[in-house]
Structures are given as structure tokens and as C-alpha cells.
Amino acid sequence: MTQSIFFRFLARLMMPVLILFSLFLLLRGHNAPGGGFVGGLVGAGSIVMMTLAYGADEVRHRLRIDFRRAMFYGLGIALIAGLIGLVVGAAFQEAYWWTPFFQGIGRLEISTPLLFDIGVYIVVFSVTSAIVMDMAEEGEREDH
Amino acid sequence: MVSLIVAVFAPAIAALLLLTPLRKRPSWVALVPGGLFLYFLAQIGIPSQFFVPWVPSLGVNLSFQLDGLALLFTLIITGIGTLVLLYTSAYFDEREDAARFSAYTLIFMTAMLGIVTSANLILIFVFWEITSLTSYLLIGFNHDDEAARSGARRALIVTGGGGLALMAGLLLLGLIGGSFEMTELLGQGEAIRGHSLYTPMLLLILAGAFTKSAQYPFHFWLPGAMAAPTPASTYLHSATMVKAGVFLLARLSGLLNDTPLWEGSLLIVGLVTFIYGGLVALRQTDLKAILAYSTVSWLGALVAVQSSNSEYAAVAFVVGVLAHALYKAALFLTAGSVDHGVGTRDIRQLGGLFRVMPFTFAGALIAVISMAGIPPLLGFLSKELLKASSLYEGQPDAFLVIFPVAAVIGSALTVTVALRFLWDTFIRQPAADAHHHAHEVSPLMWIGALVLGVLTLLLPLTLSTSLDPLIGSAVDAIRHEHSEIHLHLFEGITVPLIMSVISITLGIILFFARTRLIAFLLRLPELNPTVVYQWLFYRALPDGAAWMTTRLQNGRLHFYLLVVMGSVIFLTGALLLLGQVNLINEESFMNFDPIAAVVCVLLIAGAITGVVVPTRLSAIAILGIEGALLSLLFALFGAPDLAFTQLMIEAVTLVLFVLAFHFLPNAFDTKLSRVTAGIDILFAAAAGLTVTILILAANANTIGESISGWYLENAESVGHGHNVVNVILVDFRALDTQGEIVVLIIAAIGVTALLRLRPSDQARGKHLTLEVEKVILPPVQADVSIKVEES
């Protein structure tokens, strides 16, 4: 935890930017550098910055996200993406694509690999955040 | 036929019904095996099959067949299962207990039906293991009781260990025969017996069968399993599960028998168990222990008769299984009723119960007469056939005398055990003040033994209509050829009859001399292998584990690193040396990139600096720079995804390092001795050298075709993506990614648990596993609201 106003301001400024960027990375990952893994890491980067700036307790209090729980949701989404292939098709993790056309938006590509990648994103995001916040919390407790 | 597989899985589905309000009246589930019994009864003489591919690429299929042998066992399983479930509903005082117990029993029933009807070796093994597991749950049913827990654990270790051996044996058998399907293996008996792997394969399969069927010296789990509620002992540990081993021998005998190894091992182990079980049964004082050892004894006989491939042997086996299932189940039910009605199973405190418990006595009386092999009951027929098969068929010369003599002695001991059970429990004058609270049990509890007793009486009287077709088709299924079976209770004055008369007379004499006989037996050493088991699993294994843990897991990171690096250096280095690979070829330096070379030089310089800097913080900073340089290298070689990910990882790692080193002093203040430093330098240099050689070698040697081309070609057409790395991660190799995110979660749980576990906590007895549970369980409980049943 730092008392630096400058760093705190920067962390708050960067947080939405980083999260948006991480979502951008996640969605474009199939066709350009990016994807759920690195997206999750970038997203977690925002939490890491906030934790360094404000301390784990504060972040936990403000975010109201239990990352230890969220990582199981991510795993569940990834599993569901895999199970769709098993139920609809022949094998676990078989890919399915749905490409509806929307007037004014264009063709969307929604697929089980995308759903899977979202699961990976959530897991990586939550695991990294959970570990860093736990470590930081431990450090704070040590200081008192 | 679909109905066959429905029949096999019906009990397991009925077990699910016990999660519904039906659990309030668990006796209703007895209708399920009852209906199945009628179904299987209607199938006599109609062989049927069911086949659905499961994992066809591995030759594993849901392949079922209902032949004569399977049919006989399904009738025993469902018939006795019905009576046991009825008994259960009255046996337990708490309805919850009865429901839980019935659910386990029904799952077991499906597994047991699966074993006997499977026509695929792997499928047999799967069901086999489920019986071990349900047996564990049933033995440990009263988990407050230490004896129940240790008995359950012992049974699981012995039968589970045997199960592993069996799996290896069945895999070998499938490998030799080229298929796991029984139908395809059948014609290959000669080839299998002649194969060089026949001996290890047979020994492994026998290990599985002998542990399951409680043969000496693996029998000791069965008496320990008597801690189970009596209905489970009746059903699993006398009528069905313990017969899975001898069933498997019968099932596979057509493929494996007729060799000296088969004959010798079955005869020796079977006969030793036969006699040993009889002798030890006499030493026992607990009704259930007496019955358990006499079950061990008869299972020995069932193994011994299978040593030959004669028709007599097959008939003796089939009738022996049926007769024993009927009378021994009746006796176990009786023992449970006595326990329930009197409050003790100690034979020394019992007596005179025939007045108090007339119906229970009636069932026990018929069962005991059958067990003693007295005509005209089914037990007589079974003992007679045992003696006939011991005499007639071609066995190794050494056993020409031993087998018949052992058959007579073993049968005599059975007579003595049976008479003692009946006399001391029901007839003799009890001690004056004993059990005035004794009362007859409810009809549901005595009806089972009585029904079984009546069956054992009626079946021999209607041989030609009731038993001949059933026994005949079972024998055909064992021997894979048709034989005309006509059973007779009396065939004139034959040698087996004379032998039976001798053994019954001898048994009665021994019964009258029982006080002195038991006193004599108690002076003999027990030769109980439990001692070995206890030493192995309560001394050797924990001590060995503790020794290894203190040596390898001494808590010093420095030592861990040395071990890990040392193993990598040694194993990889040895392989590289043995393989004599090329390190450099003409293409090695063709793609030399000056910019990359500069980055590499910087990396090396950074590594050296990292070692010599005086403070931790600067070391961390240099590590971060190293990571950034590495990602630059990735970017240079056209892997932007990798470079980006690496950079992010470096950033997070840096933060983690800073947070972790928060607990340590900043300066490296510990002075290393010259020797330690020397060892460290040696390991570090060797590791660097090994990796360098490895990379050079990997570059200079092409082993097979690279797979990257395929990914590049198919990423867009099959995976609908331009980013090949991502398509591989989320589509082509998504299963790997799935595994990796699970590992991530495990790591996160581990970190949290470790952080909560302070050094001071260890002194207070906190455990890592407990902490892990605390980390995992709250979210799971809150989200899925799994009811953790008390079990």
C-alpha cells in the first residue's frame, strides 16, 4: 500500500482502461494477438495496481468480488463450453459456431471456443487477483 | 436385448429413489430385486446379449451376455437380495439408516449383476471395483465404531490391491488374445495358454480372484468385514461378492485352465483354505466370525474343484455355489436375528433359544442340516459332488490321494462347525441367568432364513424339473460345450457316498469331542497373516513415508532447487549421452539474427549481474528486465502472443516477488560457505550446459514431421480463426487448456492455504489439508449447496 497520491490517481485512471483493453484482447484473440489468457492477465493487472495503491482490504471492500469464488465460475463456463460439444455433437470440446447477422452491426461470430476463452479469461483474472491480494493482505497483517 | 441392461442398472436407479420421500419406507425397494428375480427366472434357457460401443478405439464396450452361468448368479443375487432388503427394513432401528444401507446395497447389486453379465474384460473390472467400493461403504457403515472403520479399510486395501493385480492380468489377457471381448477370446484358449506371458498373466488374475474370494493367506479381510451390519455380511460377504472371485475363475477357466500352473495353484490354495477355514472357525466364539471362517473354508473348496476341467468339477462348482449361497445366507440372517433378539453374538453366552425364537430356529435348523451335508438337502448333493470331483478326474498324481482326503476332512470340519452353531445357540441349556430379555424377532427378519431353508429342502426333491436345466446351462457356459446333466440324490453305494458317510461320522465325533478339540486348536499358532498386514500398513508404510518426507521435504527451498535441477541434469544429460545425438548440423546457424544475438548477450550479462547484486530488491528488478528481454526475443522470432503474455507474466511475477520478499530482509545477509557456494555454482553451470545442449540437439535433429504445418493449414478452415496460437489453445487443444486452468485454481487454493498456515500454527496443530478445505468448501457450499451427508 502506498500513500502516493500520484500512484493512486494513476491506478484509478488505469483501471477501466486496463479492463476494457483486456476485454478487447479477449474478443479479438481468435484472429489477432490476444485471447483469454493474456486478457485475463491484463485485467488482473488492474487489480494488482489497485491493490498496490490502496491495499487489499480496500479493494476487496470496494469491488465486492470474491475472486476465490469467481475462479470456479470461470471453470464452470469453460466446462459448459466443452459439454456443449459433447451433448450436441460427438465429443467433449467439439467446436460449434453460430453466426447471426444483425442489421447495422454486421455478422457476429459466437462460438463455443469463445465461450471457453471467456472461461479461461475469468479463471486467469481471478486466480491472479486472488493470489496477489492474498499476498498483499498477508504483508499488511505482518506490518501491524 | 435392451431389457438385460435395464435389469442390470435397475437397482442403481432404485437407489436414487431412496433420495426421494420413498426413503421413509425403504422396505418397498425390495420390490425391485424381487421383480428382477422373476425376470431372470423367465430367462432360463434363453441366452441373450446386449452390445453398445463405449470406447471402441480401446476395445472397451458395454457388452453384456446372459448365459447359463450368469443366469445362475443373477438369480442368487436378486433372490437373496430381495430377502436381505426385506430383512434390512426391520434390522435397523432408524429408518434413515435403513434407507442409506439399502441404497448402498442396491448400488452393489448393480455392480454384482454387472460382473456376472459382462462379456468384456474391462467392463468386468469396472464392476469389480464398484463392488469393492460399496463393500467398503457397507463394512464401515457404523463409522463411529473403530472396528468398523479398520475392517472397512482392511477389506478395501486387500480387495482393492487384488483389483489392481486383476486389472494388470486382464490387460495382459486382452493383449495376448487381441481383444477384450469374451466372445472373441473364446476360440483362442490354446494360443493364450502357449503364450510366453501366460504365467505372469495367470498369477495376476489369480491374485485378484483369491483376494476377492478370501483365499489363504488373503482371507483375513473377511472376518474383519464382519463389523458390517449383518444384512451386508449376509449379502456381500457370504452369498455374492466373495463369490465374484470364484465366478471369475469359472468365467475364464475355458481360456486359462488345463495347465500345471492352473491345476497346482488352485488345488493347493483351495485345499489349504478349505481346511484352514474349518479349523479356525472352531476357535471362534462370535457367531458371525464362525460363519465368516466357514465361508472362507467353503470358498476354498470352490477354488479347489475348479482345478480340473471335468464335467464333474463344473457341476460340483455350480451346485456348490448355489447350495452355499442358500444355507450360509440363511445362517447369517439367523446370526443377525439372534444378535437382535438377545443382544449378543457370543456363542459362549447363548443357548436354549429354540424355545424363545422358534421361527428363527426353524430356518437355522434346515440350513445347518444342509451345511452339514446330510441328505436329502441341497448341501448333501453339493458335498457329494465335491467328493466325486476329487476322485474321478485326471489331476496331477500327487493330488490323487491328497484331494479326496482333504475333501473328507474339510467336510467333516464343516459338519462340526454346523452342529456347534446350532447346538450351542439354540439347543443346549443356557447359563441360568442368561438373556431373559430375549424375544423372537419380527416376521420380516425370520422369513428370509425360512424361505432359504425351505428352498434348500425343496430343490433337491424336484431335481429334474427345477435344477437340471439351470445347472445344465451353467455347466455348458463354463465348459463351452453341451453336456447332459441329470442330478441324483442317490446313485447306489458309491465311493463318494462312502466318503460322505465317513466325513459326517467324523464330524459328529469331533462335535462330541469339541471341548477338547477347541482347547487343542487354541494352543496351536493361528498363522494369521494379519500381523504382516498390520506391520505393512501401520508401521512400514507410515514410517517409510515419514522417513522420505523428512529427507526430501525438509522445508529448505535451496535443497528443493538442487534436487529438481540435479534430476533434470542427470536424466536429460544421461539421455543425451546415451542417445549420441548430433548437436550441430549445417542448418544450425543459417537463421543467425544479429539483433537477437545482442539481446542474448544482454540476457547473459543480466543473469550474471542478478547473481552478484547485494540486495533482494535489485535482484528482483534484474529478473524483471530479464523477462522483458526474453519477451523481446519472442517478438523477434514472430510470436507476438507469446511475447505479450510473457511480458504480462513478468509484471505480475515482479509484483508477487516484491510482496513475498516483504517478509525477508532486503540485503542478502547470509554468508554462504565456500563448499555450498561451490556446489551451487556447479549445479547452475551444469543446468545451463544441459539446457544449451538440449536446445542445440533439438534444433539439429528432426524426429518425425513437425505438427505446426497442420495447425497452420487448418486453423482457418477448421478453427475459423486467423490467430493460430489461440485456435490451438481454445479449440484444437482445448482439453490441455482445460487442464491448465484447473491447475491454476489448485495453485491459487494452495497459495491461500499456505499463507493462512503460519509457522506458529504448526505448533498449534493446524494442518494444511484443513486450511485447503476451508478455502475450497465455503464457495462450493454456498453456490451448489451440496448436502454433505454424514458418512
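What follows is a conversation about how some labels for this model were reached.

Author: Please keep in mind throughout that this is a predicted model. As an outline, chain A has 5 helices and 4 strands, in the order α-α-α-α-β-β-β-β-α along the sequence, while chain B has 34 helices and 2 strands. The C-alpha trace of chain A spans about 55 × 35 × 25 Å along its principal axes, and the C-alpha atoms of chain B fill a box of roughly 105 × 60 × 55 Å.

Reader: What makes α4(A) roughly antiparallel to α32(B)?

Author: Helix α4 (residues 67-88) of chain A packs against helix α32 (residues 734-756) of chain B at an angle of about 165 degrees, with the axes 11 Å apart. Angles over 145 degrees count as roughly antiparallel, and therefore α4(A) is given that description relative to α32(B). The crossing of α4(A) past α32(B) is left-handed.

Reader: Which residues of α4(A) and α32(B) meet there?

Author: From α4(A) come Arg68(A), Met71(A), Leu75(A), Ala78(A) and Gly82(A), and from α32(B) come Ala734(B), Gln738(B), Ile741(B), Val742(B), Ile745(B), Ala748(B) and Thr752(B). By class, the residues of this contact divide into 8 nonpolar, 3 polar and 1 charged.

Reader: How many residues do the two chains bring into contact with each other?

Author: Contact between the chains involves 38 residues of chain B and 41 residues of chain A. On the chain B side, the elements that give two or more residues are α28 (640-661), α31 (724-732), α32 and α34 (768-784). The residues on that side of chain B divide into 25 nonpolar, 10 polar and 3 charged.

Reader: What makes α11(B) roughly parallel to α14(B)?

Author: The axes of helix α11 (residues 230-239) and helix α14 (residues 287-305), both of chain B, come within 11 Å and cross at roughly 5 degrees. Angles under 35 degrees count as roughly parallel, and so α11(B) is described in that way relative to α14(B). Thr230(B), Ser233(B), His237(B) and Ser238(B) of α11(B) make the contact with Lys288(B), Leu291(B), Ala292(B) and Thr295(B) of α14(B). The residues of this contact divide into 2 nonpolar, 5 polar and 1 charged.

Reader: Why does Ala214(B) count as buried, and why does Asp258(B) count as partly exposed?

Author: Ala214(B) has 29 C-beta neighbours inside 10 Å, and a residue is called buried if there are 20 or more, so Ala214(B) counts as buried. Asp258(B) has 16 such neighbours, and a residue is exposed if there are 12 or fewer and partly exposed in between, so Asp258(B) counts as partly exposed.

Reader: What is phi in Ala214(B) and in Asp258(B)?

Author: Most residues other than glycine have a negative phi. Ala214(B), although not a glycine, has a positive phi of about 55 degrees, and Asp258(B) likewise has a positive value, near 75 degrees. Ala214(B) is found in the loop between α9 and α10 of chain B, whereas Asp258(B) is placed in the loop between α12 (243-256) and α13 (260-283) of chain B.

Reader: Where are the peptide bonds from Tyr216(B) to Pro217(B) and from Pro375(B) to Pro376(B), and are they cis or trans?

Author: The bond from Tyr216(B) to Pro217(B) is cis, with omega near 5 degrees, and Pro217(B) is found in the loop between α9 (198-212) and α10 (221-224) of chain B. The bond from Pro375(B) to Pro376(B) is also cis, with omega near 5 degrees, and Pro376(B) is found in the loop between α17 (358-371) and α18 (378-392) of chain B.

Reader: Which residues have the most contacts inside the largest nonpolar core?

Author: That core has 201 residues, and those with the most contacts inside it are Ile139(B), Val315(B), Ala316(B), Val318(B), Leu331(B) and Ala367(B). Helix α15 (residues 311-342) of chain B gives the most to this core, with 22 residues. Leaving aside neighbours within four places in sequence, Val315(B) is in contact with Leu385(B), Ile471(B), Val475(B) and Ile485(B). A second, separate core of 55 residues includes Ile122(A), Ile131(A), Val727(B) and Ala734(B).

Notes: Residues numbered from 1 in each chain as written. Chains lettered and ligands numbered in written order. Predicted model: local features only at pLDDT ≥ 70, side-chain atom pairs only at ≥ 80, totals over all residues. Axes fitted to C-alpha atoms, helices over the stretch in contact; angles between N-to-C directions. Parallel < 35°, antiparallel > 145°, perpendicular 65-115°, else oblique. Left-handed = near helix turned anticlockwise from the far one by under 90°. Contact = placed C-beta atoms within 7 Å. Nonpolar A, V, L, I, M, F, W, Y, C, P; charged D, E, K, R; others polar. Core = buried A, V, L, I, M, F, W, Y, C linked by C-beta atoms within 7 Å.
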